[in-house]
Amino acid sequence: MAPNGVSESPVDVSAATTAMNLQATSDLVKQLAAGIDALTAGGGKDDTLRQDLSIKARDLMLSLETPRETSIKHIWAETGATGAISWGVDCGLWKQIARNGDRPQSVQELASQVGVDSLLLARLLRHLAACGFITETGPDEYKPTNFTKSLSLDIIGDAYIALPSSSGGGQLKFHEFNRKRGWKNPTDAHDTSLQYAHNTDKDLFAYLQGLGYGQHFNNHMRGYRQGRLPWMAPGFFPVKERLIDGLDMSEDPVLLVDIGGSVGHDLEEFTKYHGDAPGKLILQDLPAVITEIKDLNPRITPMEYDFHTEQPVKGARAYYLHSCLHDWPDSVCESILSRVKAAMKPGYSKLLINENVIPSTGAWWESSALDMTMLMLFSAKERTEADWYDLIERAAGLKIVKIWSGGRGVESLIEVELP
Ligand SMILES: C[S@@+](CC[C@H](N)C(=O)[O-])C[C@H]1O[C@@H](n2cnc3c(N)ncnc32)[C@H](O)[C@@H]1O
């Protein structure tokens, strides 16, 4: 099966039952203790430090675990927990637990409140407690955690339905999909691991719409951005100097067109930071998404639009693409960019691309995880700086003016103009 013909492991079986790196643990504990003191002394506000510490805590846990345990965690515990969490989202368990408040809650009580089988609920909650996601307070009795409370929010919980539970075959069958294609990096948007595993010819968006989970995906898009610095915030991209100041006020100008903007969360956020900015804000997405919008700031004009077709809004001050190009291999991105390019006014219009720029070393785990998602669901990718220059300048014939960084793990803003 292996392309190089190697079928035997040179490793002794004792490796699987030996802690991964016991020697590292003592130092990690000291670093963690000192870091946590510093974090607490600062009121828990230093998010970079908190993230650094969570990586050290992860390393500590992996150092103590044996490889056998780590693999059992992956293949039984995490996959099972994901299924149990999705089940709880679907039947309304997390909302019910949150509604009951912080007190201990029995399985019997919860089963009758939600309308599910108590035997089944007991098994699912027992596993989630064993994994540390909910607190066991007695036999068949549990108390919510901050995590289970957050699952009651649609913008957090719905992601489980939209991604692992609906499209997880893309990840789990990737080896087989890729083996059958000669172990090559996949770049065909019409031949993806998602399509192979789920026996569909649709892309993820159409596939989820067909399952009735389009709104779940949109909620995930609203959720994953929480707690991250948006590009229009002070200290990231100078919106006034680079966009507003140059706006041509002569005839009903368009300030910003958000292409593939989902249900409008980026433009909504823009109005919070720049509520008095002149010019129209236009939100474009596929009809199935635009018709799902319930509330939209009246300053935003929704518009059904397919980005593979001619851009109807010509000469806007800025066109904006957030987490759209990463969904597609270069050939499709070139076509999307050509539609924007044709609508841009020379010397005036900008294209703002809000995407990860993966560094050459030390990729942040959320960015590399997103790269895996793009690879296994879309045959696409998160891009490095070199990838972006190649796509935008060489392939699409546009010019990168500057890449504005949002910090570790946050999408950069790539400012692009006509050459
Ligand atoms: C990963 S989501 C990003 C959404 C939003 N920009 C954000 O960052 O939250 C990709 C978006 O592209 C939209 N999309 C997919 N195909 C499209 C097409 N052909 N034309 C316009 N939008 C499309 C999807 O509906 C979805 O809202």
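A backbone N or O atom of Phe307 lies 2.9 Å from a nitrogen atom of the ligand. This comes from a predicted model. A polar backbone atom of His322 is 2.8 Å from a ligand nitrogen atom. Asp306 contributes through its side chain, where an N or O atom is 2.9 Å from a nitrogen atom of the ligand.

Taken alone, the ligand exposes 590 Å², and the protein buries 97% of that area. Two elements give two or more residues to the shell around the ligand: α14 (214–224) and α16 (265–273).

## The shell around the ligand

The ligand is surrounded by 19 residues. The closest are Gly260, His265, Asp285, Phe307 and His322. Sorted by class, the shell holds 8 nonpolar, 7 polar and 4 charged residues.

## Aromatic pairs

The model contains 12 aromatic pairs. One of them joins Phe177 and Tyr196, whose rings are tilted, with 6.0 Å from centre to centre and 55° between the planes. Phe177 belongs to helix α11 (residues 174–179) and Tyr196 to helix α12 (residues 193–198), so this pair ties together parts that are 19 residues apart in sequence. Phe177 is buried, at a relative accessible area of 0%, whereas Tyr196 is partly exposed, at 25%.

Trp328 and Phe378 form an edge-to-face pair, with centres 6.3 Å apart and planes at 65°. Trp328 lies in the loop between β7 (318–322) and α18 (330–343), while Phe378 lies in helix α19 (residues 365–378), so the pair ties together parts that are 50 residues apart in sequence. Trp328 and Phe378 are both buried.

## An aromatic cluster beside the ligand contacts

Phe205, Phe217, Phe307, Trp328 and Phe378 make up one aromatic cluster. The cluster therefore includes both members of the edge-to-face pair, Trp328 and Phe378.

## Charges over rings

In two places a charged side chain is placed over an aromatic ring. The charged end of Lys345 sits over the ring of Tyr348, at 4.8 Å from its centre. Arg408 lies over the face of Trp364, and here the distance to the ring centre is 4.2 Å.

Definitions and conventions. Residues numbered from 1 in each chain as written. Predicted model: local features only at pLDDT ≥ 70, side-chain atom pairs only at ≥ 80, totals over all residues. Heavy atoms only, no water. Phe/Tyr/Trp six-rings, centres within 6.5 Å; stacked < 30°, edge-to-face > 60°. Helix = DSSP H or I, 4+ residues; strand = E, 2+ residues; numbered from the N terminus. Buried < 20%, exposed > 50% of the residue type's maximum accessible area, 1.4 Å probe, protein only. Lys NZ or Arg CZ within 6 Å of the ring centre and 35° of its normal. Near = heavy atom within 4 Å. Polar contact = N/O pair within 3.5 Å; in protein donor to acceptor, adjacent residues only side chain to side chain. Areas by Shrake-Rupley, 256 points an atom, 1.4 Å probe, with all protein chains shown as cover. Nonpolar A, V, L, I, M, F, W, Y, C, P; charged D, E, K, R; others polar.
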